[in-house]
Amino acid sequence: WGGVVGVTFCFSMAFLLFKKSRSFKITIIKVLILTTLTGVGSYVTKLVYDNFDDLAFQLERVTSLLDGVSPRVFLEKSAWVVLKQRDAVDDVFGQGVTFHYKLYEELSMKNRTTQTGRDKSLGYRAVEQDFLDLYGIYGGLMTACVLGFHLYFWVLSLRLYLSRRSVEYLGCLMALTMFLFHGLLAGHALLSAQVCTLIGSVYGFLQFRHKHPTEEERM
């Protein structure tokens, strides 16, 4: 929920701040956006206040995150134990799905299998933290290639925004920053087929605009 609110707020504020127009239509749209943001914010605040006891678990998770404690702390610690036990070849080229079987064994030995979520696939457990899953499965070489690919487009979006200053490039920069942070700090981003398909359209747009700037950008 926090991510959805954050993304919506950023793009809404980008429109409000960068869409320069004196037309009555744009003014009405801006007023509607501000009214909607205020109304939704007030409703969510009241909803949380009225259901404070029922939301205690979620609030505790948020507090833990603010304190720097990951909700996948048991998984991450066990993953590092498995990574430290493997040889140099596996560090470079990875272990494939064997890494996830080894992780499950480590969790079972520490009696933490049930603490890290129900696993319907016996003997198999992902970390659900993209960097560790990448490094565990594919090794350092492929992990560096994957992260380097994503970082290239983040740098490209930053360069395009700084040189051309448009709301489209600002939106791409914010989206890619959130995508990378989520992938490196949590999971289901860098290794997600759905998310990577969507982010691929952003990469395609950036590469196209880099090679073929608009007439206004050429001026």
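These legends describe close-up views of a predicted model.

**View 1**
Read along the sequence, the pattern is α-α-α-α-α-α-α-α-α-α. The chain holds 219 residues, of which 31% count as buried.

**View 2. Helices H4 and H6 pack against each other.**
H4 spans residues 73–85 and H6 spans residues 98–109. The two helices pack at an angle of about 115°. Their axes are 9 Å apart. The crossing is right-handed. From H4, the residues in contact are Phe74, Leu75, Ser78, Ala79, Val81, Val82, Leu83 and Gln85. From H6, they are Phe99, Lys102, Leu103, Glu106 and Leu107. By class, this contact has nine nonpolar, two polar and two charged residues. Lys102 and Glu106 are the charged ones, both contributed by H6. Ser78 and Gln85 are the polar ones, both contributed by H4.

**View 3. Tyr101 and Tyr124 form an edge-to-face pair.**
A search of the whole structure finds seven aromatic pairs. In the pair of Tyr101 and Tyr124, the ring centres are 5.5 Å apart. The angle between the planes is 75°. That angle is over 60 degrees, so the pair counts as edge-to-face. Tyr101 lies in helix H6, while Tyr124 lies in the loop between H6 and helix H7 (130–164). The pair therefore ties together parts that are 23 residues apart in sequence. Tyr101 is partly exposed, with a relative accessible area of 39%. Tyr124 is also partly exposed, at 26% relative accessibility.

**View 4. Phe149 and Phe153 pair within helix H7.**
The ring centres of Phe149 and Phe153 are 5.2 Å apart. Their planes meet at 70°, so this pair is edge-to-face. Both residues lie in helix H7. They are four residues apart, about one turn of the helix. Phe149 is partly exposed at 47% relative accessibility. Phe153 is buried, with a relative accessible area of 8%. Phe149 and Phe153 also belong to one aromatic cluster with Tyr152 and Tyr203.

**View 5. Two arginines sit over tyrosine rings.**
The charged end of Arg86 sits over the ring of Tyr135. The distance to the ring centre is 4.8 Å. The charged end of Arg165 sits over the ring of Tyr161. Here the distance to the ring centre is 5.2 Å. Arg165 lies in the loop between H7 and H8. Arg165 is exposed, at 53% relative accessibility.

**View 6. Glu128 and Arg165 have positive phi values.**
Most residues other than glycine have a negative phi. Glu128 has a phi near 60°, a positive value in a residue other than glycine. Glu128 lies in the loop between H6 and H7. At 23% relative accessibility, Glu128 counts as partly exposed. Arg165 has a positive phi of about 45° and is not a glycine either. Arg165 belongs to the loop between H7 and H8.

**View 7. Met174 and Ala175 lie in helix H8.**
Helix H8 covers residues 167–185. Met174 is buried, with a relative accessible area of 17%. That value is under 20%, so Met174 falls in the buried class. Beyond residues up to four places away in sequence, Met174 touches Cys10, Phe11 and Ala14. Met174 and Ser157 are 17 residues apart in sequence. In space, their C-alpha atoms are 9.2 Å apart. Ala175 is partly exposed, at 23% relative accessibility. Ala175 and Val202 are 27 residues apart in sequence. Their C-alpha atoms are 8.8 Å apart in space.

Note on methods: Residues numbered from 1 in each chain as written. Predicted model: local features only at pLDDT ≥ 70, side-chain atom pairs only at ≥ 80, totals over all residues. Heavy atoms only, no water. Buried < 20%, exposed > 50% of the residue type's maximum accessible area, 1.4 Å probe, protein only. Contact = heavy atoms within 4.5 Å. Axes fitted to C-alpha atoms, helices over the stretch in contact; angles between N-to-C directions. Left-handed = near helix turned anticlockwise from the far one by under 90°. Phe/Tyr/Trp six-rings, centres within 6.5 Å; stacked < 30°, edge-to-face > 60°. Lys NZ or Arg CZ within 6 Å of the ring centre and 35° of its normal.
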